[in-house]
Amino acid sequence: MSPRDPRRTARRIERRNAQFQQWQALLTNRTKRSRAGEMLVQGVRPITQAIDHGHEIRALLTDSRENPSRWARELLESSPAPVVHLAPELMAELGEKEDGAPELLAVAAMPADDLSRLDAGPRSTVVVFDRPTGPGNIGSLARSVDALGGAGLVVTGHAADPWDPAAIRASTGSVFAVPVLRVPSHREVLEWVEGRRPAGEPWTVLGLDEAGGHEVADVDLTGPTLLVVGNETVGMSAGWREACDAIAEIPMSGSASSLNASVAGSLALYEVARQRRRGR
């Protein structure tokens, strides 16, 4: 082992001490997550995504089982952070698993809420989720942004936390693969858009609404697009509605009164990708 090998700092926690309680609070207490600037990452794919995409890992937690999987063994051998051995019952609590302790958990730093993290260009799509109340919906939409080539997901207003464990799980780690950030309102995002237009990027701000008046497929989305998905119950805020260049709907049949917000956003993302593949 080299002197800087994080395994040199490995320690063991057998009971619910102060450090364990801090990690436990990351599961349910948003205020404590924000103060610590940390989140707890559960699951093979989310942990792998966080590490592969360069997110800061502050601790790697293990249940010290005798025969770990190849994935866990290789990660522990080249750990990106100090390793902490937890009693299996403590790992089970932090893993929130009914079928026993997970092999590994990661404590990761929250990334900066900085719009400069968006790797946007002349054919980019940035998705805004305005005041979502469900962390699972944030994670699901982040997964679609990742899968369908979006440049990032911006959560605006008073909203659920994209670093809630439920959001991370629902994203299957995509919250680490694409920039996900939080800003107070529509104003910061619109300033960012206006700052890019002088460079020759003709951004379209498209809002989704179940009574938009015309279909998403009728809007030219081949250029850079800011796609705004509203709150699950009340839709977009007045500020976002006023800022939109166009408001469109996704045609529906059947008895459903509306689509889930993350589903609506996913369908619109697919339409953007479809238009760009075919040149509209």
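Predicted model: local features only at pLDDT ≥ 70, side-chain atom pairs only at ≥ 80, totals over all residues.
Colleague: How do you know that the protein chain has domains, and where do they run?

Modeller: The domain assignment places domain 1 at residues 11-109 and domain 2 at residues 115-278. Their C-alpha centres are 31 Å apart, and the contact involves 16 residues of domain 1 and 15 residues of domain 2.

Colleague: Why are helix 1 and helix 5 called roughly parallel?

Modeller: The axes of helix 1 (residues 18-28) and helix 5 (residues 88-95) cross at roughly 25 degrees and come within 9 Å. Angles under 35 degrees count as roughly parallel, and helix 1 and helix 5 are therefore described in that way.

Colleague: Which residues of helix 1 and helix 5 meet?

Modeller: From helix 1, Phe-20, Trp-23, Gln-24 and Leu-27 meet Leu-90, Glu-93 and Leu-94 of helix 5. By class, this contact of helix 1 with helix 5 comprises five nonpolar residues, one polar and one charged.

Colleague: What makes Ala-72, Leu-75 and Leu-76 a group within helix 4?

Modeller: These are the buried residues of helix 4 (residues 70-77), where buried means under 20% relative accessible area. They span an arc of only 95 degrees around the axis, so they lie on the same side of helix 4. In general, an α-helix has 3.6 residues a turn, so residues three or four places apart point the same way.

Colleague: What covers the buried residues of helix 4?

Modeller: The covering elements include helix 3 (44-52) and strand 3 (57-62), together with strand 4 (83-86) and strand 5 (104-109).

How values were computed. Residues numbered from 1 in each chain as written. Heavy atoms only, no water. Axes fitted to C-alpha atoms, helices over the stretch in contact; angles between N-to-C directions. Helix = DSSP H or I, 4+ residues; strand = E, 2+ residues; numbered from the N terminus. Parallel < 35°, antiparallel > 145°, perpendicular 65-115°, else oblique. Contact = heavy atoms within 4.5 Å. Nonpolar A, V, L, I, M, F, W, Y, C, P; charged D, E, K, R; others polar. Buried < 20%, exposed > 50% of the residue type's maximum accessible area, 1.4 Å probe, protein only. Arc of directions from axis to C-beta. Domains from an automatic or database assignment.
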